[in-house]
Amino acid sequence: MSVKRSGVLTLLLVLAIGSVGCGGAQRPRSGGTAWHEIRFKGAALSSRRANGAPWHTSGSDQSASVIGGLIGLAIGYPVAGFALGSALTSEPEPEAPAPYVVLKVGGDTYQLSPIGQTLAPRWSQPIAVPSGRYASETPALIQILDAVDGGVLGQRTTTIGELLSPGPRTLTEIGDVASLDVEVRAMKPRPVVSVELFVDAQHSVDELKDGADPRWTAIPLWNGDTVTIRATGEVCPSEPTPCFGPAGAEPGRWANYNYDAFATSRHASLVAVLPGQAIAVGDERTFVAEQAGFLILFVNDTDEGNNAGGFDVRVDIAPR
Ligand SMILES: [Ca+2]
C-alpha cells in the first residue's frame with residue numbers, strides 16, 4: 001500500500017467545504033433545489049483484470065498530462081493538486097491504472113480528478129448532485145475510468161434514487177473493479193458567498209498555497225458553482241517598472257516566465273486553477289466550476305523574486 005495523504009490538508013478541505021455556507025448574503029433560492037453530496041471515497045482493484053489481462057493494453061501513457069489535470073502536476077506543483085482536493089499517490093505503481101470516477105445522470109456528467117497510478121485509490125473530492133433535478137428512477141451510470149489510457153475499468157448502472165439514499169455503503173462487482181466505497185448525505189441549500197483576498201505578486205503559487213500570506217486564501221467551491229472574480233491593483237513584474245493591472249503585460253512579453261498552464265496567457269496577469277480547469281482571469285471573469293475543490297489565485301510569473309505589488313480580488317460564488 002503506497003497511498004499517503006496529508007491529514008492536515010485533507011482536514012482543511014473537509015472543513016473548508018463544510019463551512020462554505022457560512023457568511024455572505026442570503027439569496028432566495030428558486031424552487032428550493034434539493035442537493036446531495038456524494039463521496040466516492042475509495043476503490044479496490046486486483047493486480048490484473050478479472051480475465052487475467054493487464055490493466056493496460058496500449059503502450060502509450062498519457063497519465064503525466066492527465067493526472068492532476070491542469071492543476072498540480074501540470075503547473076509543476078504536485079502539492080497544489082493535492083490541496084485542491086485529491087490526495088496524489090506518492091509512490092505510483094507502474095502497472096496500475098490511474099482510476100477516477102465519472103457519474104452520468106440525465107445528460108449531466110460529474111467527475112473526480114485522477115490522483116495517480118494505484119490499485120487502492122482514496123479520493124477526497126466530493127461531488128454535489130442537484131437531486132431535485134432528477135426523478136428518482138432516473139438511471140445513474142457510475143464509471144471508473146483509467147486516466148492512463150482512457151479505458152473503462154468498470155461500470156454499473158443504478159437509479160439516482162438508489163444512489164442518493166444517505167449513508168455509507170460499498171458497491172461490489174463493478175466490472176473489473178472489486179469494490180467502490182460510497183458515502184452520501186443531504187446538503188443544505190447554500191447562500192451566495194463572497195470572499196475578498198490579496199494576491200501578492202512576490203509569492204509563488206506554492207508559497208501562497210503553503211500559507212505564506214495571511215491576506216490570501218484558497219477558496220472552496222462545489223461543482224456547478226458560478227464563480228465571478230473581479231480584480232484591481234497593480235503588479236510590477238520586474239521592479240521598479242513597468243507595472244500592469246490584472247490583465248497583465250503586453251501579449252507575448254516575458255512569456256518564458258509564465259507558468260506552464262498559462263504559457264499563452266499574459267505575463268503578470270491574474271490567473272486561477274481549480275480541479276480540471278486553468279482560468280486566465282485578468283480584470284474580471286465568470287465561469288462555472290466543473291469539479292469540487294479549491295480555487296487558487298496567483299500572478300502568472302514564475303520569477304517572483306523581482307516583483308512588487310499585487311491584486312485586490314473579490315470572488316462571488318453562486319450555487320447552481
Ligand atoms: Ca518577475
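Four strands form an open sheet in the order β4-β1-β8-β7, with antiparallel pairing. β4 (127-129) and β7 (167-174) stand at the edges with a single partner strand each, so one side of each has no neighbour in the sheet. On average, neighbouring strands of this sheet are turned by 30° against each other, direction ignored. The model is predicted.

**Pairing of β7 and β8**
- Strand β8 (residues 177-187) pairs with β7 in the antiparallel sense over 7 bridges.
- V184 in β8 is the bridge partner of G167.

**E173 in β7**
- Strand β7 contains E173, whose phi is near 55°, a positive value in a residue other than glycine.
- E173 has 12 other C-beta atoms within 10 Å; the cut-off for exposed is 12 or fewer, so E173 is classed as exposed.

**Hairpin of β12 and β13**
- Strand β12 (residues 270-274) and strand β13 (residues 277-280) run antiparallel and are joined by 4 bridges.
- A272 stands opposite I279 in β13.
- The two strands β12 and β13 form a hairpin with 2 residues between them, and G276 in the turn has a positive phi of about 80°.

**Loop between β11 and β12**
- P240 is found in the loop between β11 (226-236) and β12, and the peptide bond from E239 to P240 is cis, with omega near 10°.
- P242 lies in the loop between β11 and β12; the peptide bond from T241 to P242 is cis, with omega near -5°.
- W254 also lies in the loop between β11 and β12 and has a positive phi of about 60°, although it is not a glycine.
- W254 is partly exposed, with 17 other C-beta atoms within 10 Å.

Terms used:
Residues numbered from 1 in each chain as written. Predicted model: local features only at pLDDT ≥ 70, side-chain atom pairs only at ≥ 80, totals over all residues. Pairing = 2+ DSSP bridges. Axes fitted to C-alpha atoms, helices over the stretch in contact; angles between N-to-C directions. Buried ≥ 20, exposed ≤ 12 C-beta atoms within 10 Å, placed from the backbone.
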